[in-house]
Amino acid sequence: STGKPKGIRVRNENVCNLFEFLRVFPHQWSSKEVMLYQCSCSFDMLIIDILWVYLDGVGEVVVVDQGREKNSQYLSKTMSERKVSVIFFVPSHLMMVNEIGELRECEKLRVIMTAGEALPKMLVRKMEEMGEKKKKIWNVYGPTETTVDVSYFDTSLERNINERERYVSIGKAFPNTSLRITEDHNMWLCGNQVSSGYIGRDEIT
C-alpha cells in the first residue's frame, strides 16, 4: 500500500478472472518473457508479477535490489543486462526512467504497462519521439476495491482519439466486468474483478 491500507478482501474468483484475462490479453505472451519486479511485496502487483508468472509459466521474474527501486540508472542497467521484456511502472516513475534516455538500451523490452496514476499523453508522445515505437505501451486502471486492474487501453490508438484530452483513456473493462460512467461523473464497477468488500468495515462496504 502507498498509504493507510484499506483492508480489501479479495476472493479466489477475483484472481482467477484476472488470470483468465491475462491469458487472452491482446499481446502474445511468451514462455521466455522476463518481467521486472520492483514493488513492495505488500503491493497488489505481486499477484501479476509473481503469482501469475509462475502459475502460468510465463518466463521469469527479475527482482530488483531492495532500496534501489527509484534509482533510474540502476533499473535501466538491470533491464538491459537481464534482458527484461515486460515492465509495470506508474507513469511518474516511467517518466523518470525515460528522461535519462536509457530505455533505448533495453533492446528486449517489448511491453510497458502503466497503472496507478493518470498516464499523460505527453509522456507517450515523448517516448515515441525517442524511438520507442517498437515497445507496446498499455494503460491499465484499477481502484483499490478491484483486483489489481479492471480496464486496459492500447496507447497506440490515442493518435486519433480525444486529442484535446491531457491523459490517455483507461479503455474498456476486463471480461466478466462492467464499467460505467454516470451523468454526475461517478464510476460504477461490477463483476468478477470487484472484491467482496472491506475487512471488518461492513458500514462502508
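A: Let's start with Y74, which counts as buried because its relative accessibility is 12%, under the 20% cut-off. Keep in mind that this is a predicted model. Y74 sits in helix α3. Setting aside neighbours within four places in sequence, Y74 is in contact with V64, D65 and R68. Take V64: 10 residues separate it from Y74 along the chain, and the two C-alpha atoms are 9.0 Å apart.

Now for the helix itself. α3 covers residues 72-81, and its buried residues are S72, Y74, L75, S76, T78 and M79. What lies over them? The cover includes β1 (34-37), β2 (60-63), β3 (86-89) and α4 (91-99). In a helix of this kind, residues three or four places apart point the same way, because an α-helix has 3.6 residues a turn.

Both ends of α3 are worth a glance. Just after the helix, K83 adopts a positive phi of about 55°.

Then there's the partner helix. The α3 and α4 axes come within 9 Å, crossing at roughly 80°, so α3 is roughly perpendicular to α4. On the α3 side the meeting residues are S72, L75, S76 and M79, and on the α4 side they are H93, M96 and V97. Sorted by class, that contact has four nonpolar and three polar residues, with no charged ones.

For another helix pair, go to α1 (residues 12-23) and α2 (residues 46-56), whose axes come within 11 Å and cross at roughly 70°. These two are therefore roughly perpendicular to each other as well. α1 brings V15, L18, F19, L22 and R23 to the contact, while α2 brings I47, I48, L51, W52, L55 and D56. By class that gives nine nonpolar residues, two charged and no polar.

Is N139 buried or exposed? N139 counts as buried, because its relative accessibility is 3%. Its side chain has polar partners, too. One is the side chain of T114, in a polar contact at 3.1 Å; another is the backbone oxygen of S169, which the N139 side chain reaches at 3.0 Å. Leaving out residues up to four places away in sequence, N139 touches T114, L119, S151, Y152, F153, T155, V168, S169 and I170.

Last, the cysteines. How many disulfides does the structure hold? The count is zero. For C106, the closest cysteine sulfur belongs to C39 and is 17 Å away, too far for a bond, given that a disulfide needs the two sulfur atoms within 2.5 Å. C106 counts as buried, at 1% relative accessibility. C190 is in no disulfide either, with the sulfur of C16 the nearest at 19 Å. C190 is partly exposed, because its relative accessible area is 43%.

How values were computed. Residues are numbered from 1 along each chain as its sequence is written. Side-chain values use heavy atoms; hydrogens and water are left out. Buried means under 20% relative accessible area, exposed over 50%, partly exposed in between (1.4 Å probe, protein chains only). Helices (H or I, at least four residues) and strands (E, at least two) are DSSP runs, numbered from the N terminus. Contact means heavy atoms within 4.5 Å. Axes are lines fitted to C-alpha atoms, for helices over the stretch in contact, and angles run from 0 to 180 degrees between N-to-C directions. Angles under 35 degrees count as roughly parallel, over 145 as roughly antiparallel, 65 to 115 as roughly perpendicular and the rest as oblique. Ala, Val, Leu, Ile, Met, Phe, Trp, Tyr, Cys and Pro count as nonpolar, Asp, Glu, Lys and Arg as charged, and the others, Gly among them, as polar. A polar contact is a pair of N or O atoms within 3.5 Å; within protein, one must be able to donate a hydrogen and the other to accept it, and residues adjacent in sequence count only if both atoms are side-chain atoms.
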